[in-house]
Amino acid sequence: MSKLQGKEIKDAGMQTMLAHYGDETFHGAVVPPVFINTVFAFDSYESFQRSQWQDEAYYYSRVSNPTQQIAEKKLAALEKGEAAKLFASGMAAISSTLLHCLRQGDHVVCSYPIYNGTYQMLQSYLTKFGITVDFVDFRQLDQVRAAIKPNTKMLFCEGLSTFFMDVFDIPAVVQIAKEYELLTIMDNTCATPATLRPIEWGFDIVIHSASKYLCGHSDVTAGVVIASQEIIDGIAKSEVVLLGATLAPLEAWLLTRGLKTFGLRMKQHAESAKRIAVMLSSHPKVMRVNFPLLEQHEQHELAAGQFSGNTGLFSFELNGGAAVVARMMNRLQIFKIGVSWGGFESLVYSPGLGINPYQTSRTEHETRLERTIRLSVGLEDIEDLMEDMIEALDF
Ligand SMILES: *Cc1c(COP(=O)(O)O)cnc(C)c1O
C-alpha cells in the first residue's frame, strides 16, 4: 500500500503509517521476511558495477540490508525526517554522529544533565581528537549564548533532562543556533516522537536509543539517526562503513515488530504514568514530582506548549534521602530495580544506586540525586501499579 485516499501512506496517522509504510511484501505476506544474509550476489561483472553507482543497491549487510531499510523508512517518517540510519545501539548512533559532524578543534555546547554515555563521550573520549565541550543548563538561555565560542560547531541536547525531566525553550534554542550557524542535535529517546518531533521545531538531527520505547519490548539494543538525506548519506558512506556498528537484520526485524504497536503502547504508558504522578504529587512522603506536564510543575506552561503529552518516564524526590529511597524501592513488588526504561515492564531506578552521573557534582542537582527515584511505568494493569506504589510508600 503506498497511498490512502490520495494521501501518501507515509503521511497517514502514526499507527496507520507504522502498520503499512516501508514494508516490502512477498507473496502477500503481511509480515516482511528477515534478510539475514550478509552477501548479495550478482550474476555479471556489469551488474555488480552498476550496483556500486546506485545508492539503493544492496551488496553487503554491514553497509545496508532490506530488513534494516524497512525500519529506517518507518523511523524517518515517524520523526518527519527525510532519512534514517540504524545502528547497533543508541551509543553507536551518538558516537558515529558526533564523529561524523565534528573535527579537530571544534567545540560543542551540550545540555546537562545528559545521558551519561553522551557525557563521557563529549567530556573525555572526544578530547583526544582536540574536540572540547561546555555543559550548560539549557533552561538558562543566556548561559547557552555565553558558552558559544568562535569554534563552536554544534548544540547537542535532550528535550527532557536526564533524571530531572527539565525542559527548555526549544524555539529559542533553535533561534540561537540559527544566529550562530550551529548544527542542532537532539537525543529524543526520552520524549519519543509520540510527544515531540524536534525536526518540526527546526532541529537538524534527531538521535534515539531504539532500545527504549521505539522497540518497547526490552529485547533489542539498537540506535537510530534521523536527518536530511544529505546528512544520512554522509554518515552511511563513512561512519556506517568504517566504524561498522550496523544493526543486525534480526534485531532490525524485531524493532519493526515493536514499532507496529508504538502509538498504542505510548498512550497506555502516558495514561498510567500520569495517574501515578498525580497520586505521588499529593503524597506526604513525596517532596517533589519531576513531571513537567503536571499543573503544579514550575515548567508546566512551557512543557504544555511544546510536548503533545507525557511518556511513562518521570521521577520523584522522597523526603528523607538515600535510606528512605532504598527502603521504598525494596518494598516494590511489580516495579523491579533496573537501568534502562521504555519497555513493557515497570522499572525503578535511583541515581543513588551507584552509576552516578558525576556531571552533576557541585551543581544544584547533586543534593537532589540521592533522594530521587525514577520510574519507567510499564504496561501492567494500572490498578496493580497504583497499589504497588501506595503499598511501597506505606512504611
Ligand atoms: C539508553 C540511552 C542512550 C544509549 O542507548 P543504548 O541503546 O543503550 O546504547 C542514549 N541516550 C538516552 C537518552 C538513553 O536513554
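On a 1 Å grid over the protein atoms alone, a pocket is an open set of points with protein on both sides within 12 Å along at least five of seven lines, while a cavity is a set of points where a 1.4 Å probe fits but cannot get out. A residue lines either one if it has an atom within 4 Å of a point. A molecule sits in a pocket or cavity if more than half of its atoms lie within 2 Å of its grid points. By that rule, the ligand sits in the second largest pocket.

The model is predicted: local features need pLDDT of at least 70, side-chain atom pairs count only at pLDDT 80 or more, and totals for chains, interfaces and linings use all residues. Residues are numbered from 1 along each chain as its sequence is written, and side-chain values use heavy atoms, with hydrogens and water left out.

The second largest pocket has a volume of about 570 Å³, a volume being the space filled by probe spheres set on grid points that are joined across faces, edges and corners. Its lining consists of 28 residues, and Tyr115, Asn116, Lys212, Trp341 and Arg374 lie nearest the centre. By class, this lining has 13 nonpolar, 11 polar and 4 charged residues; Ala, Val, Leu, Ile, Met, Phe, Trp, Tyr, Cys and Pro count as nonpolar, Asp, Glu, Lys and Arg as charged, and the others, Gly among them, as polar. Helix H4 gives the largest share of the lining, 3 residues. H4 and strand E8 (205-209) each supply at least two lining residues. Helices (H or I, at least four residues) and strands (E, at least two) are DSSP runs, numbered from the N terminus.

Around the ligand itself there are 13 residues, of which Gly90, Asp187, Ser209, Ser211 and Lys212 come nearest; a residue is near if one of its heavy atoms lies within 4 Å. H4 (residues 90-101) again provides the largest share of this shell, 3 residues. The shell divides into 5 nonpolar, 5 polar and 3 charged residues.

Polar contacts are pairs of N or O atoms within 3.5 Å. The side chain of Asp187 has an N or O atom 2.7 Å from a nitrogen atom of the ligand. Oxygen atoms of the ligand lie 2.8 Å from a polar side-chain atom of Ser209 and 2.6 Å from one of Lys212. The protein covers 89% of the 380 Å² of accessible area that the ligand has on its own, by the Shrake-Rupley method with a 1.4 Å probe.

The structure also holds 2 cavities of 30 Å³ or more. The largest cavity has a volume of about 120 Å³.

Technical notes
A polar contact is a pair of N or O atoms within 3.5 Å; within protein, one must be able to donate a hydrogen and the other to accept it, and residues adjacent in sequence count only if both atoms are side-chain atoms.
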